[in-house]
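Hi there,

Here is the structure I promised to pass on.

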Amino acid sequence: MVSSSTLSLCPHPKINFGFQNKHRTELWTVSSTGSGSLLQNRNAAGVVLPFTLVSITWRPLHSIKISVRAAASGSGGRSSRSGSSSRRVYQQSQAQSPLAPVKEIAASVLPVGAFVVVTFVLWKLVEKILLPKPTKSVAEENQPAQGLKWSFAPGTNLLSSFGAKIERESKLKLNDFAKELRSFQSVDMSGRNFGDEGLFFLAESLAYNQTAEEVSFAANGITADGIKAFDGVLQSNIALRSLNLSGNSIGDEGVKCLCDILVNNSGITKLQLSSSSVGDEGAKAIAEMLKKNSTLRIIELNNNLIDYSGFSGLAGAILENKTILSIHLNGNYGGPLGAAALGKGLEGNKSLRELYLQGNSIGDEGVRALMTGLATHKGKLTALDLANNSISAKGAFHVAEYVKKSKSLLWISLYMNDIGDEGAERMADALKQNRSVTNVDLGGNDIHAKGITEIAQVLKDNSVITALEIGYNPIGPDGAKALAEVLKFHGSIKDLMLGWCQIGPSGAEYIADMLKYNGTISSLDLRANGLRDEGAICLARSLKVVNEALTSLNLGFNEIRDEGAFSIAQALKSNEDVRLSSLNLMNNFLTKLGQSAITDASDHVYEMNEKELNVVF
């Protein structure tokens with residue numbers, strides 16, 4: 001099949017590519033026309049155009065010659081002959097393709113390109129390794145980033161567009177805080193997060209301030225550097241009585257700075273430094289300050305990092321100090337040795353009234369040493385907190401011996417220890433002889449019905465105890481029965497805490513029967529006892545009877561459903577003289593129907609007595 005194409009009569013430029021190797025020489029001609037292009041293959045004897053534009057020659061493996069020529073305008077005969085041969089040339093161009101020369105050219109170019117790329121990469125690596133990095137001067141490193149503004153709140157990094165506005169607002173807030181310090185006697189600025197810079201601004205408002213007496217800067221991101229703001233301020237302020245810096249990580253360095261300032265202060269009587277990262281060195285600094293400061297009465301150092309060494313320093317301070325009344329050391333690491341050191345210090349102290357040592361793992365040996373020191377203590381201790389200290393029945397014996405002889409103790413806590421029934425019996429024997437203790441906390445001590453029966457017997461003849469915490473003890477229905485039988489007609493208990501005691505519906509029935517006759521209990525806690533609807537119905541019957549004492553009833557976590565709620569609501573509506581002002585039904589299984597019934601009963605109580613009943617679901 002022969003292909004033909006129409007050529008224009010006008011002359012057009014032509015480009016001839018001549019490839020020559022040792023076998024043959026070929027001439028490729030590209031003719032550009034208005035309708036398309038023709039690729040012609042002519043031999044060496046073909047027509048050669050008058051002049052050459054470009055001629056490029058490579059000789060890698062074969063002798064290759066590329067010639068590019070352009071034809072000038074020819075005569076009409078030549079155009080005719082060219083037209084007659086174009087069909088033959090086009091057919092030959094369709095049959096052959098010049099792939100072989102292109103492959104040879106690529107084989108020659110690629111190695112050269114690869115060599116250039118590898119050389120460039122190696123040069124860059126050598127430059128990066130050998131050439132020194134540009135260094136910045138110290139001034140440039142310390143220069144703040146451009147376009148950033150900082151507010152008074154630490155850690156607040158704002159864009160420049162908002163920085164100025166935030167800075168103005170921070171200053172306005174600090175000005176408001178300063179006005180509070182100058183206007184009110186008690187100022188609480190806890191959690192404002194103004195940091196060290198804010199404290200420097202506010203401290204000026206305390207200098208020669210005759211108004212503020214109680215100030216709290218708790219949890220404000222204050223560090224040891226911020227404490228320096230008080231230097232020269234607290235020395236001149238004689239009106240401030242209480243300073244709270246708890247929740248600020250001032251550490252030992254901050255405490256040392258504060259003690260140097262307070263050593264000659266004659267105004268502050270209460271200093272709170274709980275959760276302030278205070279260690280042994282800080283405790284020793286406080287001890288040295290207490291030896292010289294005769295104004296401070298209460299110091300709180302709860303939840304810090306004070307160990308035996310710090311306890312020893314404080315023990316030496318209370319041996320010399322004649323004015324300190326209350327020391328709070330809950331949640332530290334005193335241990336048995338720290339308790340023994342405090343016991344030695346208490347032997348010669350006459351002023352201390354309250355000692356809080358919860359969560360110090362002092363154990364039975366520590367309690368023995370501490371009670372020995374308190375036995376010879378010449379002062380009048382009124383409150384002793386020994387909760388969560390791994391005390392067993394053996395340690396409870398030493399505590400009981402001290403309680404027997406004490407004539408000043410009002411509040412004793414052995415909460416969350418492990419004294420068991422044996423320890424409860426020893427404490428019961430001590431309370432029978434003691435006539436000063438009003439608050440007893442024996443919660444969480446694995447006391448059963450046997451131990452609580454002994455405690456109940458104390459209440460027959462003891463009319464001093466007004467608050468009894470025995471929650472978190474598995475006393476069961478039998479323990480509830482023993483306690484209810486005594487409290488029905490005896491004792492002066494006002495606050496009775498029986499949460500998590502496993503008394504069940506049958507135990508609730510004994511308690512409900514006791515409430516019909518008891519005229520002293522004002523607050524009753526029965527949380528998490530599995531009362532269910534049966535127990536709630538029993539308690540509802542007692543609520544129908546006039547009880548002028550009971551004002552608060554906590555029935556949370558008791559699996560009470562709508563049926564129990566309906567009974568309680570009906571009882572509240574039936575008793576026109578109900579004195580109940582607080583009812584807690586939190587975490588029960590009440591639907592909207594049960595809640596609505598209780599709410600309607602609360603509204604009814606308000607309409608009848610004009611007394612509001614606060615209900616919590």
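Predicted model: local features only at pLDDT ≥ 70, side-chain atom pairs only at ≥ 80, totals over all residues.

Let me start with helix α11, which covers residues 363-375. Its 13 residues reach 18 Å from the first C-alpha to the last, close to the 18 Å expected at 1.5 Å a residue. Among the buried residues of α11 are V367, L370, M371 and L374. The buried residues of this helix pack against two helices, α10 (335-347) and α12 (393-405), and against the strands β14 (354-356) and β15 (383-385).

Next come α18 (residues 562-574) and α19 (residues 592-609), whose axes come within 8 Å and cross at roughly 10°. The two helices are therefore roughly parallel to each other. On the α18 side the contact includes F566, I568 and L572, and on the α19 side it includes L593, I598 and V605. The residues of this contact divide into ten nonpolar, two polar and three charged.

Now for the charges: the structure holds twelve salt bridges. Two of them lie in helix α8 (residues 280-292). One joins E281 and K284 at 3.9 Å, N to O, and the other joins E288 and K291, with the closest N and O atoms 3.3 Å apart.

K404 is partly exposed at 24% relative accessible area, and E401 is partly exposed at 27%. Elsewhere, salt bridges that share partners join E365, R368 and K394 into one network.

Best wishes

How values were computed. Residues numbered from 1 in each chain as written. Heavy atoms only, no water. Helix = DSSP H or I, 4+ residues; strand = E, 2+ residues; numbered from the N terminus. Expected span 1.5 Å × (residues − 1). Buried < 20%, exposed > 50% of the residue type's maximum accessible area, 1.4 Å probe, protein only. Contact = heavy atoms within 4.5 Å. Axes fitted to C-alpha atoms, helices over the stretch in contact; angles between N-to-C directions. Parallel < 35°, antiparallel > 145°, perpendicular 65-115°, else oblique. Nonpolar A, V, L, I, M, F, W, Y, C, P; charged D, E, K, R; others polar. Salt bridge = Lys/Arg side-chain N within 4 Å of Asp/Glu carboxyl O.
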